Amino acid sequence: MRLAVFASGSGSNFEAITNAFSKDESVEVVLLVTDKECFALERARRLVVKTFTLDKSKKRSLYEEDVLCILKKERVDYIALAGYMNIIGSTLLSEYGGRIVNIHPSLLPKYRGLRAIERAYENLDSEIGVSIHYVDKGIDTGEIIAQDKLLRGDSSLEEVIERIHELEHRLYVNTLKGLMK
Ligand code: GRF
């Protein structure tokens with residue numbers, strides 16, 4: 001199975017996934033797609049993973065055609081969004097629907113969209129979590145595949161964010177292993 005990861009930011013999930021599958025015969029991370037310059041590209045250079053940055057000055061249907069073209073060229077079977085801050089449009093969904101998953105740092109359906117961890121923390125939620133879901137037309141609305149959570153306890157916001165990221169890396173790798181069997 002050939003996996004592409006889409007990211008827009010730091011790329012820590014991308015790195016965790018790539019490393020986890022580096023000795024796995026059945027899954028390989030073959031491409032990182034970004035929608036801008038970001039640290040994930042630097043990680044890809046270090047990990048020797050091919051990259052593609054889409055041209056957002058084009059309209060969505062056109063840049064998605066470009067992405068589709070490279071996904072086909074790289075024979076990508078499955079897509080994992082990891083901090084990808086861009087909507088997946090109908091061009092990609094019609095080709096890869098059911099084979100695109102996303103990670104979101106909340107116990108969906110709570111806190112869809114931005115600043116999910118911060119909002120859970122500000123609301124004094126005792127449990128703060130992570131969800132992996134299939135991608136559909138909406139924002140963080142697709143069918144939930146897996147969730148995990150931690151107890152906020154007396155952790156500071158910074159500590160919760162760090163713990164959530166660790167949880168994300170574990171949950172994403174384990175979930176992808178199950179999905180891509
Ligand atoms: C993660 O918290 C993910 O859940 C959210 O964006 C963040 C990306 O982190 N969608 P990274 O770029 O993988 O470090």
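Is Arg-45 buried or exposed? Arg-45 is exposed, at a relative accessible area of 54%. The notes below concern a predicted model.

1. **The Arg-45 pair.** Arg-45 makes a salt bridge with Glu-42, at 3.6 Å from N to O. Both residues sit in helix α2 (residues 39–47), 3 residues apart, so about one helical turn separates them. Glu-42 is partly exposed, with a relative accessible area of 31%.

2. **Arg-2 and Glu-74.** A salt bridge joins Arg-2 to Glu-74, with the closest N and O atoms 3.9 Å apart. Arg-2 belongs to strand β1 (residues 2–7), while Glu-74 lies in the loop between α3 (60–73) and β4 (78–81); the pair therefore ties together parts 72 residues apart in sequence. Arg-2 and Glu-74 are both buried. For Glu-74, the relative accessible area is 7%, and buried means under 20%.

3. **Glu-74 and Lys-50.** Glu-74 also forms a salt bridge with Lys-50, the closest N and O atoms being 3.1 Å apart. Lys-50 is in strand β3 (residues 50–53) and Glu-74 in the α3–β4 loop, so this contact links parts 24 residues apart in sequence.

4. **The wider set.** Salt bridges connect Arg-2, Glu-28, Lys-50 and Glu-74 in a network. Across the whole structure, the search finds 11 salt bridges.

5. **Helix α6.** This helix covers residues 157–179, which makes 23 residues. At 1.5 Å a residue it should span 33 Å; the end C-alpha atoms are 32 Å apart, so the two values agree. Buried positions in α6 include Val-160, Ile-164, Leu-167 and Leu-171. Glu-168, Tyr-172 and Thr-175 are also among the buried residues there.

Terms used: Residues are numbered from 1 along each chain as its sequence is written. This is a predicted model: local features need pLDDT of at least 70, side-chain atom pairs count only at pLDDT 80 or more; totals for chains, interfaces and linings use all residues. Side-chain values use heavy atoms; hydrogens and water are left out. Helices (H or I, at least four residues) and strands (E, at least two) are DSSP runs, numbered from the N terminus. The expected span of a helix is 1.5 Å times one less than its number of residues. Buried means under 20% relative accessible area, exposed over 50%, partly exposed in between (1.4 Å probe, protein chains only). A salt bridge is a side-chain nitrogen of Lys or Arg within 4 Å of a carboxyl oxygen of Asp or Glu.
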